[in-house]
Amino acid sequence: MRDPGAPGKRPRRGPAPARRTLLLGTAAVAAGSAAAACTRTTEAPPRSSTAAPSPATGLPATQSDRALLLQFLAHPDDDLFFMNPDTQHAVAAGTPLVCVYVTAGEADGVNKIPGQPHPPADQPAYAAARHQGLRQSYAELIGLPLFTPWQTGTLKLPGGHRAEVNTLEHGDRRVDLIHLNLAMHTPAWHMGAPALWRQSGLMLRTVIPQGSPLRSVQSYDHESLIDVLVGLLERYRPTLVQTLDPDPDIQLSDERTRIRDSEQPGYSDHADHTAVASFTWAALIRWAQTAEGGPPPFVTTAFRGYYNNHWPKNLPTAVLKAKAALLRPYGAAPEWQCGNPAGCGDYNVGGNRPLTNRKGWVRATHYRYPGPRLQLATGPDGRLTAYGVLGLRAVRYQERPNGTFGKPVDLGGGPLAPVLGAARLPDGRQLVFGLRLASVEGRGAQNVREIVVLEERATGTKRSGFTAWTGLGNPEYEPVRGRRIGVPVAVTAKDGRVHLFVRNADQGISTRVRGTDGVWSPWRDLGGGQVQDGLTAIAGDDGQVHVYAPGRDTVHHWTQDGPVPSAGLPVPADSIAALGSRLYYRPPASTELISIGGEPVRFPGYGPVSAAGEYLLGRDVRGALQLLHRGRLTHPATARTSLDGPALADTRLGPAVAGLSPDARPWLWRPKQSQA
């Protein structure tokens, strides 16, 4: 019989059951230089953060004056497997990079050499070898020889903690690798980050890698780890923060398959990934709420992890080759002469093994919160208003006469996931939707996600601007299932009703509808097959609302009434672009573009495409933006480093493309004006 606390189908009625503990862990490890141990301590009870959404102040929000990318990782190699090619593109554009590795990566201490007997376990040596592999990968990324010496030292952190830091510079490129060295959560269930997130009163000791400038074992509890992460945010003040998935999908595998796939019970990711992502989001929320001068100007990206094993692979050969190339120096080989006595890398990952591994993690890059970074609304004069997330709060940008965006205006709502939804009412007023991380708490406290909406006031009223944020709840009854929902997508039908859709915990879709009287219906599960997040909703010419989403087997299609029988379309790798009855998307591992319901289209590239009017927007295999119009390709005159999710609009002034850069600032490209 299934454990009643394990994830499964949602109940249809009745109160929510007690929250299930997400991450598992057990006894402490013996103390010592090579192993970490947890001990009980007296610790303050967890603080509650289930306050109402922050109000829209209408005040100017802070903007950044330079770019810096900070990545929070659970293990050495999480960045290489799950965050590239995005990190590669940012560094290539000159964005300084700081990587924070929370665990030492020591695992069982065995640096496995394929085809040879396993060597004796040595956790300090294995951790040091993995760190050496990282230095080789990042040296290559910034254009230096693999074995270039790095500057090595220690960093003072809050609470008297210290971390190892490795620094390398080359021209305008700089990389800092920071190792906190907490113990991993191993298959032997040693206490690690998951237990530290989940349980009260624990102290987790660190591992000292061989050759590290650190000399003494340290201890962390739940609060001190968050304090250290907040201290790092305050020290480096990143404009872009990349981390892993705090709320991975439910994955019901048999025990043998789960262990083979290195996944935590019930969910499609490693327990360390989930715990470190949760600590990261808790730190981001605290930093945004307590920073002097108001929320700092940063944006976030959360990447899926072992999810990549379960869904179509979305990187074509050219992109995959460049991504996998950075895993080769990380894995290295025993015969390499790197000068590190502990080893030159994680040998089991060397050579072409990431490409031949059955799990295929390297073959995809998926976002936890996919979609356009800016929601675009066009005014009567063709100028744009854009809505995005900055410092975990909603902001609004207005296009100026010179074709650039003005300063951001704070709309509150935080803490919000990085992608918003939007719809325009028949009277022209705007609705803005967000996925709110209402509570990110460990130690048995609440973890709550909710959909919220902000409504623009009617013109002619005494007060302009927006009303207060309104909570629309969650389609899931159980909080542990409610964490799995996706980003909101909304569309206004021809009858004036607004249809809101989200991916639910069963990986289908749920909906609420706002009537013309402004009253919202209850949540309703539309059924249908399992799909990835990244829904596309349009108001069709037939008067119906249509929703498209990428499944494992085909494109899944719904109307507002329920699923539409499958048309047997080819498998999509990412989200679907829809224009009337025409659909555009890329198949797995391909640069081609599939066109359904229209003429074939040649538009080579990778990743999702967007469609508006007669225009298609996407990326080429180098990651550069490209716009297609009647068979003609156009690129920005000035190269733009864009985060995932550029947005496209067809306005009376011509096509407009907008997005966010690693410096957390918006950009706007109007191709016709550029050509003029």
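In E16, leucine 431 is the bridge partner of alanine 423. The model is predicted: local features need pLDDT of at least 70 and side-chain atom pairs count only at pLDDT 80 or more, while totals for chains, interfaces and linings use all residues. Residues are numbered from 1 along each chain as its sequence is written, and side-chain values use heavy atoms, with hydrogens and water left out.

**Exercise 1.** Describe the sheet that holds E15 and E16.

*Solution.* Step 1: helices (H or I, at least four residues) and strands (E, at least two) are DSSP runs numbered from the N terminus, and two strands pair if DSSP finds at least two bridges between them. Step 2: E15 and strand E16 (residues 430–440) are joined by four bridges in the antiparallel sense. Step 3: the sheet is open, with four strands in the order E15-E16-E17-E18 and antiparallel pairing. Step 4: strand E15 (421–424) and strand E18 (470–473) are the edge strands, each pairing on one side only. Step 5: neighbouring strands are turned by 35 degrees against each other on average, direction ignored; axes are lines fitted to C-alpha atoms.

**Exercise 2.** Explain why one side of E11 and of E14 is left without a neighbour in the sheet.

*Solution.* Step 1: these strands belong to an open, antiparallel sheet of four strands ordered E11-E12-E13-E14. Step 2: strand E11 (375–378) and strand E14 (409–412) stand at the edges with a single partner strand each, so one side of each has no neighbour in the sheet. Step 3: the partner of E14 is reached through three bridges from strand E13 (residues 393–398), running antiparallel; arginine 396 stands opposite valine 409 in E14.

**Exercise 3.** Characterise the surroundings of histidine 131.

*Solution.* Step 1: histidine 131 lies in helix H3 (residues 123–141) and is buried, with a relative accessible area of 2%. Step 2: leaving aside neighbours within four places in sequence, its contacts (heavy atoms within 4.5 Å) include Pro76, His179 and Pro209.

Conventions. Buried means under 20% relative accessible area, exposed over 50%, partly exposed in between (1.4 Å probe, protein chains only). Axes are lines fitted to C-alpha atoms, for helices over the stretch in contact, and angles run from 0 to 180 degrees between N-to-C directions.
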